[in-house]
Structures are given as structure tokens and as C-alpha cells.
Amino acid sequence: TVAITSPAAGSFVTSANQTVFAVSGTCSKNTRDVVLSGDATKTVACYSGTWSTTVDFSGAADGTVTLHADHADAAGNVATRSTRTFTKDTVVPSTATITIAGGSHTNDSTPDLSLSSTGAAEMYVTNVAGCGSGGAWESYATSKAWTLGQTNGTATVYVKFRDSAGNETGCSNAAIIHDDVAPTLAFTTPGSPLNAGNAAAF
């Protein structure tokens with residue numbers, strides 16, 4: 001017997017995993033090969049009743065991709081083929097943009113962000129360059145209130161997006177100058193009192 005047990009049918013093949021898509025299953029004849037075919041091919045040995053490997057779906061078009069598993073014993077008796085289909089989606093969300101408070105200056109330390117990405121399902125906003133930490137994935141929205149990481153100076157906010165398959169954009173950013181220090185004004189001259197002699201040109 002042979003079966004494909006993981007991942008679940010319909011799981012996404014993405015731009016990140018299409019060349020190393022992990023699959024595994026069960027088999028009954030130890031040391032005998034499990035032969036994978038369909039939109040990807042691979043041969044792997046059965047060991048302790050299981051098999052696992054990675055396959056390359058990069059040559060298949062986006063859409064439904066199919067994988068078959070075949071297995072036979074030394075006498076040539078062939079197991080019933082196991083087949084599983086997955087969904088290939090390698091299109092990364094596009095036109096990722098971010099602006100802060102709609103301008104270049106603000107006195108608000110929690111301004112609104114304007115966000116946009118075609119095809120995005122989630123977004124990751126952070127004050128950390130590279131989008132590797134400091135944020136959390138959340139549902140995509142076109143606006144969000146955000147606390148700046150720096151005040152009274154140049155503050156930069158970073159964002160990346162991903163679709164429902166998990167395809168991620170690069171890390172985009174926008175900068176704004178924050179300034180909430182009020183200007184000062186003081187009279188420094190004249191030092192003499194106002195009188196009849198200087199009233200016309202004080």
C-alpha cells in the first residue's frame with residue numbers, strides 16, 4: 001500500500017516553496033521505492049513504513065497541480081496509486097505602497113498610515129528596517145493608526161504584504177519628520193522705555 005498523507009489536499013505551492021515542496025506519506029514495503037509523478041517527479045525509498053521528500057513544482061503553471069505516488073513489491077505486485085492535488089499560486093501582491101499622515105511633516109506621534117497592495121490579504125507593519133521583527137501579521141487594510149518609533153526627528157515606518165497563499169512582497173517604507181516642539185518667541189530689544197522722544201520710531 002502507499003498513500004500521500006501530508007500536506008493536506010489544496011495546500012498552497014507558493015513562490016517560496018515551489019522548488020522544495022515537502023510531501024510525505026505511508027508505504028508498506030520497506031526499502032522498496034515510492035515513485036512520485038505528475039506535475040513533479042521524485043523517487044524515494046520506503047523506510048519504517050513511511051516516506052518523505054521534497055518535490056519541485058516550478059515547471060508547472062499556477063493553478064491545480066497533481067502528484068501521484070506508486071509503490072510495488074519485489075514480485076511486481078503494484079499498490080493502488082495514491083493521488084493528491086495542491087493549489088499553485090506564485091503571484092506576489094503588487095504595487096505595495098505606504099504614506100504617513102499624507103505628507104512630509106507631522107506633530108502627531110500616532111499618525112494614520114495609508115497602505116495599498118493589489119492582491120494582499122494581510123500586512124505586517126513595523127518600525128524595524130527589513131520587516132523582520134517588531135510587527136505582527138494582521139488583516140489587510142488601507143489605513144491604520146500607528147505609533148512612530150521616533151519623535152522630534154525623522155521617523156520611518158516599514159510594511160510588507162502577503163496574499164492568502166503566503167506569497168510576500170518586499171519590505172516598503174515611508175519616512176516623515178515628526179516635530180511637536182512649539183516655536184519660541186521673545187522680545188530682546190529695546191532696552192529703553194517708551195517716551196515722547198522715541199514714540200514715533202520705537
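**Reading the terms against the values**

Trainee: Why is Lys 160 called buried?

Mentor: Lys 160 has a relative accessibility of 14%. Buried means under 20% relative accessible area, exposed over 50%, and partly exposed in between, with a 1.4 Å probe and protein chains only. The value of 14% therefore places Lys 160 among the buried residues. Two remarks on the source belong here. The model is predicted, with local features needing pLDDT of at least 70 and side-chain atom pairs counting only at pLDDT 80 or more, while totals for chains, interfaces and linings use all residues. Residues are numbered from 1 along each chain as its sequence is written, and side-chain values use heavy atoms, leaving out hydrogens and water.

Trainee: What makes Ala 186 exposed?

Mentor: Its relative accessible area is 60%, so Ala 186 counts as exposed. Ala 186 lies in the segment after β16 (172-178). Across the protein, buried residues make up 33% of the 202 residues.

Trainee: In which strand does Lys 160 lie, and what does Lys 160 touch?

Mentor: Lys 160 belongs to strand β15 (residues 153-162); strands (E, at least two residues) and helices (H or I, at least four) are DSSP runs, numbered from the N terminus. Contact means heavy atoms within 4.5 Å. Not counting residues up to four places away in sequence, Lys 160 touches Glu 122, Met 123, Tyr 124, Cys 131, Trp 137, Glu 168, Thr 169, Gly 170 and Cys 171.

Trainee: What makes the pair of Lys 160 and Glu 168 a polar contact?

Mentor: A polar contact is a pair of N or O atoms within 3.5 Å; within protein, one must be able to donate a hydrogen and the other to accept it, and residues adjacent in sequence count only if both atoms are side-chain atoms. The side chains of Lys 160 and Glu 168 make such a contact at 3.4 Å. A polar atom of the Lys 160 side chain also lies 3.2 Å from the backbone oxygen of Cys 131.

Trainee: What makes β1 and β3 a pair?

Mentor: Four bridges join β1 to β3, which run antiparallel. The bridge partner of Ser 6 in β3 is Ser 24. Another pair is β4 and strand β5 (residues 42-45), antiparallel over four bridges. Leu 36 stands opposite Lys 42 in β5, and β4 and β5 form a hairpin with three residues between them.

Trainee: What makes a set of residues a nonpolar core?

Mentor: A nonpolar core is a set of buried Ala, Val, Leu, Ile, Met, Phe, Trp, Tyr and Cys residues joined through side-chain atoms within 4.5 Å. The largest has 20 residues, of which Val 23, Val 34, Leu 36, Trp 51, Phe 57, Leu 67 and Phe 86 touch the most other members. β1 (2-6), β3 (21-27), β4 (33-38), β6 (50-55) and β7 (63-71) each supply at least two residues of this core. Apart from it lies another core, of 15 residues, among them Ile 98, Trp 146, Val 159 and Phe 161.

Definitions and conventions. Two strands pair if DSSP finds at least two bridges between them.
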